[in-house]
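Biologist: Could you take me on a close look at one part of this model, the place where protein and DNA meet? I am new to this, so please go step by step.

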There are 2 protein chains.
Amino acid sequence: MSYTYPYPKADHTTDLVAFAIENMVLKVALIKRRDDPFKGVWALPGGFLNIGTEDLDGCARRELIEETSLDLNNVYIEQLYTYSDPTRDPRGHVISTAYYALIPADLFGTLKHNDDAEDAKWVNLADVIGETGGMPLAFDHMRILTDAVERVRGKIDYFPRIAMSLLPKQFTQAEFRRVHEIVNGVKFDPSNFNKRFRRMVSDGRITKTGEQRATSGRHASLYRIEDA
Amino acid sequence: MSYTYPYPKADHTTDLVAFAIENMVLKVALIKRRDDPFKGVWALPGGFLNIGTEDLDGCARRELIEETSLDLNNVYIEQLYTYSDPTRDPRGHVISTAYYALIPADLFGTLKHNDDAEDAKWVNLADVIGETGGMPLAFDHMRILTDAVERVRGKIDYFPRIAMSLLPKQFTQAEFRRVHEIVNGVKFDPSNFNKRFRRMVSDGRITKTGEQRATSGRHASLYRIEDA
DNA sequence: GCAATAGTGTCTTTGAGACACTATGGG
DNA sequence: CCCATAGTGTCTCAAAGACACTATTGC
């Protein structure tokens with residue numbers, strides 16, 4: 001077939017899966033939709049791409065800034081997947097490129113929302129995807145969310161940067177281990193995990209920075225992950 | 001139900017990075033553009049999404065069928081990334097979702113092309129991205145190609161299915177090893193690599209099927225990867 | 001026999017996991 | 001002293017890498 005230009009066009013949005021850890025629990029940012037379709041239903045934050053002036057990364061970052069008011073220099077953002085089922089949006093064929101973001105613990109804060117939402121909040125991931133029913137989400141957002149969880153789980157073991165992005169700038173061995181436990185939903189033997197941690201220190205991938213910190217037991221050393 | 005939305009829309013295409021191994025060399029399918037922009041320049045095959053009736057996977061598969069006339073049941077296809085720089089296409093803001101495909105050696109064949117191309121052929125990957133200059137590609141297709149190579153390299157060690165998708169239905173230990181060598185661009189010690197291979201046989205991930213095959217030296221056993 | 005390709009055995013090192021242990025702080 | 005948390009040592013096993021070796025075919 002021969003292509004005459006222009007061609008039919010599609011709406012394009014980004015959806016954002018923002019993760020953060022608070023109180024030892026993995027949370028995800030959701031908004032409550034103000035308008036149809038899916039009025040009153042919880043959904044991932046997202047919005048339409050500004051055609052001609054921004055790329056999808058820019059669109060996702062803009063959405064995240066509107067939502068969190070954060071400086072994104074210390075936030076990890078990565079494209080996840082593009083969802084394009086013609087029936088995924090009842091308004092028509094809307095293609096959506098999903099991103100996920102990891103918010104460091106020391107930047108965690110309350111969420112804002114704009115006119116298209118009537119509420120926005122951090123929700124425990126387990127309560128959203130919960131085995132015991134969970135929470136209905138708009139569009140195909142449950143699928144996007146589970147894809148994002150799978151991606152983060154698949155990467156955290158191999159890329160220290162992922163764990164770093166959920167931790168405060170300085171952290172202890174135990175906090176580093178707990179991030180892995182929370183994300184993977186399993187327990188690790190502290191001894192064996194710390195051996196791995198010490199190797200990363202020897203390799204220069206993690207550096208000891210501060211000395212101690214007040215807790216109820218023995219004081220812990222503080223570390224920082226080197227970017228490289 | 002229908003809702004009207006005032007948002008501007010974008011063109012959406014898929015671009016396809018099709019890999020195959022022939023004569024122990026990794027090749028990629030390219031077409032020569034017949035029309036502007038980039039008239040006469042080599043490019044990845046691709047095409048516009050049919051809005052409202054197909055999703056991106058379907059669009060990529062359609063392109064691949066047009067190009068190769070293959071039954072895609074034995075072809076591995078995976079979404080790679082979505083490229084959205086507003087200036088990546090001089091015609092306007094065209095968003096492109098790239099896919100990569102792995103063609104089994106026993107399905108390798110000549111390429112067809114449709115009206116938007118004046119030629120189509122398999123090109124040695126090394127000649128395209130070559131350290132010694134390489135080949136100019138249209139749009140951001142060089143970036144897409146190198147991203148695809150990186151993805152395949154990153155996955156082949158962990159997912160036997162990737163190697164399988166480049167091999168014929170039945171293959172020898174040496175062929176399995178050579179696929180890894182060709183994709184990664186390195187040599188592996190046959191002894192150590194074969195140990196790993198034998199482990200996969202013990203685990204039932206690979207099954208011995210045929211017995212022998214004619215060559216100039218000792219005859220080799222034939223194997224098949226189990227899907228699982 | 002010889003060339004060519006297929007396939008094995010052994011040693012060393014590295015890292016994962018199980019599990020018992022020591023160290024240092026506050027009260 | 002006791003509790004709580006931080007952190008270590010040792011044993012075993014699985015797998016990777018270096019490298020010397022044996023096996024089976026055609027001619």
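Modeller: Happy to! In this predicted model, the surface near DNA strand C is made of 11 polar, eight charged and two nonpolar residues.

Now look at the helices. Three of them each supply at least two residues of this surface: helix H6 (190–202) of chain A, and from chain B both helix H5 (173–184) and helix H6 (190–202). H6(A) gives the most, with four residues.

Next, turn to the DNA side. Among the atoms of DNA strand C within 4 Å of the protein, 54% are sugar or phosphate atoms, and the rest belong to bases. The side chain of Arg218(B) has an N or O atom 3.1 Å from a base nitrogen. In Ser216(B), a side-chain N or O atom is 3.5 Å from a sugar or linking oxygen. Ser221(B) uses its backbone instead, with a polar atom there 3.1 Å from a phosphate oxygen.

Finally, follow H5(B) to a neighbouring helix. H3(B), residues 141–156, packs with H5(B) at an angle of about 145 degrees, and the two axes are 10 Å apart. The crossing is left-handed. H3(B) brings Val152(B), Arg153(B) and Ile156(B) to this contact, while H5(B) brings Val179(B), His180(B), Val183(B) and Asn184(B). By class, that makes four nonpolar, two polar and one charged residues.

Technical notes:
Residues are numbered from 1 along each chain as its sequence is written. Chains are lettered from A and ligands numbered from 1 in the order in which they are written. This is a predicted model: local features need pLDDT of at least 70, side-chain atom pairs count only at pLDDT 80 or more; totals for chains, interfaces and linings use all residues. Side-chain values use heavy atoms; hydrogens and water are left out. A residue is near a molecule or strand if one of its heavy atoms lies within 4 Å of it. A polar contact is a pair of N or O atoms within 3.5 Å; within protein, one must be able to donate a hydrogen and the other to accept it, and residues adjacent in sequence count only if both atoms are side-chain atoms. Ala, Val, Leu, Ile, Met, Phe, Trp, Tyr, Cys and Pro count as nonpolar, Asp, Glu, Lys and Arg as charged, and the others, Gly among them, as polar. Axes are lines fitted to C-alpha atoms, for helices over the stretch in contact, and angles run from 0 to 180 degrees between N-to-C directions. A crossing is left-handed if the near helix is turned anticlockwise from the far one by less than a right angle, and right-handed if clockwise. Contact means heavy atoms within 4.5 Å.
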